[in-house]
There are 4 protein chains.
Amino acid sequence: MSVMTVGFVGLGAMGRGMAANLLAAGHPVRVWNRSPGPVEELVAKGATAAADLGEVYDSEAVVSMLPDDRTVEALLLDGALLAGARAGVHVNMATVSVALAERATALHAEHGIGYVAAPVLGRPGVAAAGELNVLAAGEAAQLERVGPLLAAMGRRTWHFGDRPAQANTAKISANFLLACAIESMAEACSLAEANGVRPTDLIEMLAGTLFPGPVYSGYGSMVAERRYEPAGFRLPLGLKDVGLALSAGEARNVPLPFGSVLRDAFLDALAHGDGEKDWAAVAAVARRRAGLPD
Amino acid sequence: MSVMTVGFVGLGAMGRGMAANLLAAGHPVRVWNRSPGPVEELVAKGATAAADLGEVYDSEAVVSMLPDDRTVEALLLDGALLAGARAGVHVNMATVSVALAERATALHAEHGIGYVAAPVLGRPGVAAAGELNVLAAGEAAQLERVGPLLAAMGRRTWHFGDRPAQANTAKISANFLLACAIESMAEACSLAEANGVRPTDLIEMLAGTLFPGPVYSGYGSMVAERRYEPAGFRLPLGLKDVGLALSAGEARNVPLPFGSVLRDAFLDALAHGDGEKDWAAVAAVARRRAGLPD
Amino acid sequence: MSVMTVGFVGLGAMGRGMAANLLAAGHPVRVWNRSPGPVEELVAKGATAAADLGEVYDSEAVVSMLPDDRTVEALLLDGALLAGARAGVHVNMATVSVALAERATALHAEHGIGYVAAPVLGRPGVAAAGELNVLAAGEAAQLERVGPLLAAMGRRTWHFGDRPAQANTAKISANFLLACAIESMAEACSLAEANGVRPTDLIEMLAGTLFPGPVYSGYGSMVAERRYEPAGFRLPLGLKDVGLALSAGEARNVPLPFGSVLRDAFLDALAHGDGEKDWAAVAAVARRRAGLPD
Amino acid sequence: MSVMTVGFVGLGAMGRGMAANLLAAGHPVRVWNRSPGPVEELVAKGATAAADLGEVYDSEAVVSMLPDDRTVEALLLDGALLAGARAGVHVNMATVSVALAERATALHAEHGIGYVAAPVLGRPGVAAAGELNVLAAGEAAQLERVGPLLAAMGRRTWHFGDRPAQANTAKISANFLLACAIESMAEACSLAEANGVRPTDLIEMLAGTLFPGPVYSGYGSMVAERRYEPAGFRLPLGLKDVGLALSAGEARNVPLPFGSVLRDAFLDALAHGDGEKDWAAVAAVARRRAGLPD
């Protein structure tokens with residue numbers, strides 16, 4: 001296997017597992033994070049601590065896993081940083097907007113650096129296990145170059161084309177479908193309960209028939225049991241992701257009526273103080289609309 | 001196994017397979033259908049042809065599989081028919097409204113006949129194979145009595161309570177979730193395509209990751225490939241089922257914003273002449289809204 | 001002026017003023033009502049009390065003002081009643097469905113009786129003052145015949161065509177627009193208040209600029225001041241009228257997304273116990289969604 | 001009357017009439033515009049041409065009328081410009097976001113300059129006639145100071161409070177209500193036409209009864225007659241304004257379901273190439289949904 005030096009930015013709940021898997025695969029990894037705790041943890045596993053982002057970019061490849069557009073823009077879309085970089089390619093694994101992906105692609109091209117978008121499906125435990133699904137897009141040569149890195153972090157890499165924004169579109173679409181599934185179950189469980197059917201009976205049947213797999217059984221149970229804490233994925237992040245879908249739609253004149261309903265429901269949830277709960281708490285909105293008890 | 005004589009009403013695409021499975025399980029079956037063709041087919045398999053509904057009801061149990069509320073009401077909710085019946089129980093396996101289930105339960109009780117609601121999940125092929133999922137509700141004694149019949153027709157019986165309407169609520173909720181999944185994929189595929197991602201790539205990834213099972217892969221492929229014919233389940237039936245959910249909600253003051261979007265989308269599809277297509281053709285509405293080619 | 005004998009059915013809050021105006025215009029009026037109180041009131045003004053509906057229909061013209069489809073159907077769409085009638089024309093002034101208008105037109109034609117639909121705009125005070133706006137449709141000869149009656153009850157008659165259902169469509173559309181205006185102001189006032197603008201300031205400005213007339217100032221004040229009682233028009237009647245619009249749309253494949261939002265909002269209001277309040281109380285739903293205090 | 005020197009930025013269709021009215025009221029006006037044509041027109045009426053924005057801000061008051069957030073931000077929210085200004089107050093009359101108003105208020109305060117938000121209701125002809133309705137908010141002392149300027153441009157000034165953003169909220173709410181009225185009529189006219197009622201008959205009745213005033217009669221006629229050109233207010237500007245409402249709602253967790261429907265409808269219109277038409281062309285979307293001819 002071809003080993004390459006990797007600079008890694010963003011050691012949050014997802015990033016630390018991903019960086020650890022790059023190390024485990026034999027790549028020398030130089031890490032950087034805004035808070036120092038996770039850096040020490042990775043150094044203990046064999047990583048080097050970068051003094052600043054300049055040092056991170058003094059690697060063959062940079063991999064970043066940051067929370068949102070704003071952070072990516074503030075930290076990494078920086079002409080001076082890119083101008084001084086030795087890195088030949090940047091793999092951005094965050095869930096960011098299509099618009100950011102397009103700006104980032106152009107900016108990296110100006111500095112002769114490859115840009116690959118590779119957002120992932122999977123929670124922190126899945127990241128730690130190296131079992132992520134990676135949705136990737138970018139120039140074929142760049143994708144080939146970073147293939148071993150993606151393979152170290154995931155169980156499978158799915159390709160969406162040669163423009164990085166395509167991978168972001170796919171990821172945004174996937175999260176949109178998750179949100180739709182949750183809202184669908186929220187409405188169905190309210191309908192069921194108001195008509196005297198136990199939501200848990202409904203979800204058990206659905207998960208055992210039409211809808212196998214973790215989404216309907218997992219979120220379905222949370223909805224049916226009104227168990228919104230601890231949050232696996234916080235509600236404001238859900239609103240952010242619905243917003244990414246609506247924005248990607250707006251840029252191409254694609255109306256998304258389900259997306260509009262989701263946006264309104266998430267705002268309603270936030271207006272009722274559910275910002276620290278899992279996005280499954282959008283089910284509390286469906287219950288409230290129907291006058292069902294909390 | 002306890003054998004009982006069964007009157008069977010409604011030998012449509014679903015009913016003929018179900019009746020055949022009752023025969024195969026050793027129950028004497030007397031069949032009735034508005035058109036004679038399917039009757040001959042069942043008689044060839046060992047059934048007896050009933051001259052009229054009165055003869056059907058001269059059995060220990062009646063099983064019916066009719067297309068909608070109107071037909072059930074016109075044929076079976078008939079005081080004279082019930083007054084003269086020998087049958088001790090009627091198993092209504094159609095997808096009908098909660099309101100009809102409540103009326104039917106009361107009417108059968110007046111005549112001392114048990115009433116079980118047992119709508120099913122599965123297409124005609126599944127019915128023929130005896131692999132339906134049966135959603136059942138009714139008094140425990142009645143459910144026990146008809147258990148062998150349900151077992152002969154399905155792979156599993158799911159119980160929802162002692163009021164028949166509970167099973168109809170569960171079935172209506174399941175179909176509501178199917179419609180939501182189709183619309184979700186329709187919107188996501190339009191979003192993806194408008195942003196340069198191939199819908200088939202998106203669906204393949206989703207079916208291989210978050211959404212295993214036949215709904216997302218099956219309907220997803222139809223949506224992604226714009227393959228709406230031949231119809232497995234015609235669009236007007238989809239609108240009917242969404243209407244059943246909206247009505248069940250209205251009766252208990254349960255708003256269903258996704259249901260409202262679905263209703264509008266199905267009407268839009270009908271307004272554009274798609275009434276003979278599969279309900280997956282609601283995806284053509286999402287495409288049209290976004291100005292994507294047919 | 002040509003005087004004719006009139007049978008009048010339905011002396012509710014609206015009907016009693018309308019019947020009084022027919023009397024005042026010199027027409028002999030025979031009245032019938034399910035409860036006797038209003039009958040005495042009209043008799044004191046010169047009307048004759050009819051012993052039954054047969055007597056009402058023994059007039060040259062029948063005018064009815066009943067609350068809804070169900071009542072019209074139960075009382076007046078009765079073959080025996082129509083077969084024995086001397087009346088040459090029935091003017092139905094209630095807000096009923098397009099479908100009922102079509103059935104009633106056909107049934108009256110079978111019995112050689114003219115049928116005119118003439119629903120009205122205006123509250124009871126307006127009816128008492130003879131200042132209603134009358135929305136009329138029917139065959140030209142029939143409309144001409146009943147023109148003096150309509151003129152006695154209203155300030156103006158608006159014509160919509162020779163099919164009675166056209167007038168019902170116009171009335172349903174007008175009520176749909178009222179409901180839309182109320183919901184629009186409900187959302188705008190929540191938006192304003194959440195952003196620190198006093199809703200009363202907003203409504204005062206709007207009523208003084210873009211939106212003159214009683215709807216925006218009247219309902220606007222109720223919304224801005226959260227003054228939903230006493231009810232001028234009860235919320236369940238509002239839901240009924242939105243339902244008439246949705247049904248008229250469904251019959252012709254016309255999606256009404258604003259209508260869908262209205263339906264969901266009215267159900268939400270009912271789910272929270274606001275069924276005795278004015279339909280302006282739909283504003284409480286907009287406030288609740290935004291987490292604003294009751 | 002107290003005369004003051006005024007710098008005026010933005011001589012578009014609205015601004016040129018407004019600046020002319022300031023001149024007519026006796027205020028010396030120094031004008032600036034990105035394209036020179038309108039400058040000459042105002043100079044011919046007595047204005048002075050400013051060489052740059054610095055010269056504009058060398059006046060006692062600055063009035064600006066720019067198309068959108070982006071332009072205001074690019075031209076006027078400039079620390080150097082404000083640091084060098086002699087002007088004591090800036091009156092921003094554009095329809096901009098609540099967020100921009102808040103940023104602008106803070107930035108002007110840093111430089112010791114008053115900031116008044118005073119967006120207007122009225123088309124260019126109304127602006128030229130000095131008959132605008134001015135929606136104003138800001139510190140009382142500043143409002144008093146610029147009162148004569150606002151009076152010179154409008155028929156009336158409506159006050160919304162001491163925070164400039166309040167006036168922007170009021171203006172955004174007013175435009176939201178306009179958009180809702182248009183969509184309401186679009187849906188009602190489709191419903192009417194599909195049921196055999198002439199939309200022009202419906203609108204004439206509505207404008208003559210429930211909904212007096214220019215909005216329902218003016219936009220109603222455009223909708224009923226499908227007359228979307230020439231554009232009085234282009235559809236993309238309508239989408240922008242709906243977006244301002246949605247954003248102002250999102251910032252305070254206010255769901256706006258009608259706003260969501262509007263957004264989807266405007267996108268649908270743009271997806272069908274109606275970007276140069278009046279925003280009344282959203283009615284073409286309602287017609288298309290219902291399968292009515294263009």
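How many residues of chain B are in contact with chain D? I'll come back to that in a moment.

First, some ground rules. This is a predicted model, where local features need pLDDT of at least 70, side-chain atom pairs count only at pLDDT 80 or more, and totals for chains, interfaces and linings use all residues. Residues are numbered from 1 along each chain as its sequence is written, chains are lettered from A and ligands numbered from 1 in the order in which they are written, and side-chain values use heavy atoms, with hydrogens and water left out.

Now the answer. 7 residues of chain B are in contact with 7 residues of chain D. Contact here means heavy atoms within 4.5 Å. About 490 Å² is buried between chain B and chain D, and carbon and sulfur atoms give 54% of that. Buried area is the accessible area (1.4 Å probe) that two parts lose on being put together, summed over both.

What about polar links? Between chain B and chain D there are 0 salt bridges. A salt bridge needs a side-chain nitrogen of Lys or Arg within 4 Å of a carboxyl oxygen of Asp or Glu. There are 2 residue pairs in polar contact, both residues at pLDDT 80 or more. On the side of chain B that touches chain D, two elements give two or more residues: α13 (257-271) and α14 (282-289) of chain B.

Next, inside chain A. 17 residues of domain 1 meet 17 residues of domain 2. The area buried between the two domains of chain A is about 1,200 Å², 60% of it from carbon and sulfur atoms. On the domain 1 side, A:T95, A:V98 and A:R123 lose the most area to domain 2, together 43% of what that side buries.

This domain interface has 1 salt bridge. A:E102 forms a salt bridge with A:R252, and their closest N and O atoms are 3.3 Å apart.

Last, symmetry. Chain B can be laid on chain A by a turn of 180° and a shift of 0.0 Å along the axis, with an RMSD of 0.1 Å. The superposition is by least squares on the C-alpha atoms of residues with pLDDT of at least 70 in both copies. That is the relation of a two-fold axis. The same surface serves both copies, as 100% of the contact residues of chain B recur in chain A.

Definitions and conventions: Polar contact = N/O pair within 3.5 Å; in protein donor to acceptor, adjacent residues only side chain to side chain. Helix = DSSP H or I, 4+ residues; strand = E, 2+ residues; numbered from the N terminus.
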